[in-house]
Amino acid sequence: MPAQNIHIGLCGAGIGGLAAAIALRRAGAQVTVLEAAAELGEIGAGIQMTPNVSRLLIEWGVADIIGTNLVEFEELNMRRRDGTKVGYTRMIPNVRRDLGYPWWVVHRAHLHSGLVQTALQHGAKIHTNSRVTSLDYTSSSSVKVQTSSPTHPTHTFDLLIGSDGVNSIVRRTLFPDVKPAPPTTNCAYRAIVPYEQIRKDPIARELIEKLTMEVWMAEKSYIITYPISAGQDFNLVLSHHVDRLVDKVEEVDVEEVRRQYKDYDPRIKKIVDMIPEASRWPLLVTGPLESWSSPGKNVVLMGDAAHSMVNHMAQGAATSMEDGAFLGRCIAQVVQGRLKLAQAIEVYEKGRMPKAHFKQQVSFLNGAIWHLPDGPAQEARDKAMSLELGDKPVLRSPNLYGNPTTSLCVYAYDAEEHADAELYKYINGKEMMDEEKNITKIMADKYLNWFLPEDYEGKQLRIEAKL
C-alpha cells in the first residue's frame with residue numbers, strides 16, 4: 001500500500017488525549033484536538049507519573065518543559081493508622097536502577113501544561129470551546145463531527161478518538177447502554193497544603209523532613225501523601241467510604257473530613273486540619289467493554305472513556321497515556337502504508353484491552369489491601385510487608401508499589417515496545433524471535449537483554465524489534 005495522509009480527530013484535551021496527540025503527530029498523522037472548555041487547563045491536585053509513563057515524558061520532551069515541578073521522592077513508607085511503619089520501599093536510587101526511569105509526582109496543572117506545549121510544538125491543532133455535540137460515523141468511511149464552536153462547527157476525520165473521559169459523548173454514541181459506575185461506596189478527597197504552613201507546626205513538620213510518599217492504612221479509609229510543585233506543596237488523597245454509592249463530585253463540609261480522620265497519626269491529623277476546603281470525588285469504573293470501537297473501526301475509545309478505574313494504583317491517567325503511545329505506533333504503520341486504518345485499530349484493541357482490564361483489577365485489589373479492617377487479615381498483611389523494613393529484597397509483598405511482580409508488570413511496562421511486538425506479529429504472522437534458537441524477543445528481553453550493555457556485541461539473542 002502507498003503511504004497515507006490521514007487526519008485524526010481527538011475528542012478531549014485531557015492528559016490522555018494530549019499524550020495521544022503527541023504520539024500521533026510523531027507517527028506522521030494530521031491531528032486536531034477538540035476541547036469543550038473555553039481555556040486549556042487541568043483541575044485537581046497531584047498525580048503520579050510512574051516509570052511506565054515517565055519514560056514517555058522523557059522521550060517526548062515533556063519532562064524538559066515541566067522541569068523541577070516533576071518531583072522524585074526518596075522513599076515510600078507504609079503505615080498503620082496510628083503511624084506505625086509496617087512496609088518500606090527505597091525509591092532513590094532503586095527505581096531508576098531497576099526500571100530505568102524515575103517515579104515522579106507532579107501537579108496535574110504542570111503536567112497538562114507540559115503536554116499542551118509539546119503537542120503544539122509537534123504540530124497538533126487544538127480547538128477550545130469546541131464541545132462535540134454529535135458524530136456521524138455510518139454514512140461513509142470518514143467521521144463527521146458537529147461541535148459547539150462558532151468558528152469551527154464541523155470537522156471531518158478519517159478516525160475519531162474518544163479521549164473525553166468518564167462522561168464521554170463518543171462512548172455514549174457508540175455504546176449508549178454503558179454507564180460508568182462506582183463498584184463500592186469508596187470515594188476520595190483530594191487536597192493540597194503548602195509546605196511552608198506545615199513547617200510552622202512542631203508536630204506535623206516531621207513528615208516533611210525528607211521528600212517521601214506516605215500511606216496510612218485503616219479500615220475503609222486511607223491517606224496517601226507526596227510532594228509536588230518542586231517540593232513546595234504537600235498533596236493528599238484521602239480515601240473513605242460513605243453509606244451510599246456516589247457517582248458525581250460533591251462539596252462537603254471540611255469539618256466532616258477532619259472528623260473522619262481524627263484517630264489517625266497525630267502528625268498527619270495536624271495536616272488534615274489545615275485543609276481549607278474539600279470535595280468528595282467518585283471512583284467510577286467503566287467496563288471491561290467487549291469493544292472500544294465502531295463496527296467500521298473509524299471511531300475508537302481510549303483512556304477513561306474506555307476503561308476508567310479506581311485510583312488505588314495511580315494508573316488511571318498513566319493507562320490513558322499508554323493508550324496514546326500504543327495508538328501512535330499503530331497509526332505509524334498506516335501512515336507508512338503497511339496497514340489499513342481498521343487493521344491498526346484491531347491491533348490496538350487486541351493489545352490494550354487486556355492490559356487495561358489487568359490494571360483495573362490490580363487497582364481494585366490494592367484498595368482492598370489498604371482498606372483491611374483490624375484483625376487477622378490486617379495482621380497477616382502487616383507481617384508480610386514487614387519483611388521490607390530491613391531494606392532487603394523480597395520476592396513478593398502486599399505493598400504493591402514495591403512488590404517486584406507488580407513493578408515488572410505495571411511500572412516496567414513499555415507501551416511502545418508492546419505495540420511494536422503486536423504489530424510485528426500481526427504483519428508477519430509470528431512473534432519476533434531468533435528462529436535458529438527458537439527464542440522469542442519477549443523472553444530474551446525479560447530474562448537476558450534487560451541487563452546487557454547497549455553496545456554488547458553478543459547479539460545471538462538480541463532480536464531486532466524493527467518492523
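Reader: How many salt bridges does the structure hold?
Author: This is a predicted model, and it holds 29 salt bridges.

Reader: Which residue forms a salt bridge with Lys-359?
Author: Lys-359 pairs with Glu-322 through their side chains, at 3.1 Å from N to O.

Reader: Where do Glu-322 and Lys-359 lie?
Author: Glu-322 belongs to helix α11 and Lys-359 to helix α12 (residues 341-370), so the pair ties together parts that are 37 residues apart in sequence.

Reader: Is Glu-322 buried or exposed?
Author: Glu-322 is buried, at 0% relative accessibility. Lys-359 is buried too, with a relative accessible area of 1%.

Reader: Turning to the nonpolar side, which residues touch the most other members of the largest nonpolar core?
Author: Leu-57 and Ile-331 do, in a core of 78 residues. Helix α11 (residues 316-335) gives the most to this core, with ten residues.

Reader: What is Ile-331 in contact with, leaving aside neighbours within four places in sequence?
Author: Its contacts include Ile-6, Ile-8, Leu-24, Leu-159 and Leu-341. There is also a second, separate core of 31 residues, with Val-215, Trp-370, Met-385 and Leu-400 among them.

Reader: And where does UniProt place the FAD-binding domain?
Author: The unreviewed UniProt entry places that feature at residues 11-355. The span is 32% helix and 27% strand, and its end C-alpha atoms lie 23 Å apart.

Note on methods:
Residues are numbered from 1 along each chain as its sequence is written. This is a predicted model: local features need pLDDT of at least 70, side-chain atom pairs count only at pLDDT 80 or more; totals for chains, interfaces and linings use all residues. Side-chain values use heavy atoms; hydrogens and water are left out. A nonpolar core is a set of buried Ala, Val, Leu, Ile, Met, Phe, Trp, Tyr and Cys residues joined through side-chain atoms within 4.5 Å. Buried means under 20% relative accessible area, exposed over 50%, partly exposed in between (1.4 Å probe, protein chains only). Helices (H or I, at least four residues) and strands (E, at least two) are DSSP runs, numbered from the N terminus. Contact means heavy atoms within 4.5 Å. UniProt positions are given in the numbering used here, feature names are shortened, and annotations may be inferred rather than shown by experiment. A salt bridge is a side-chain nitrogen of Lys or Arg within 4 Å of a carboxyl oxygen of Asp or Glu.
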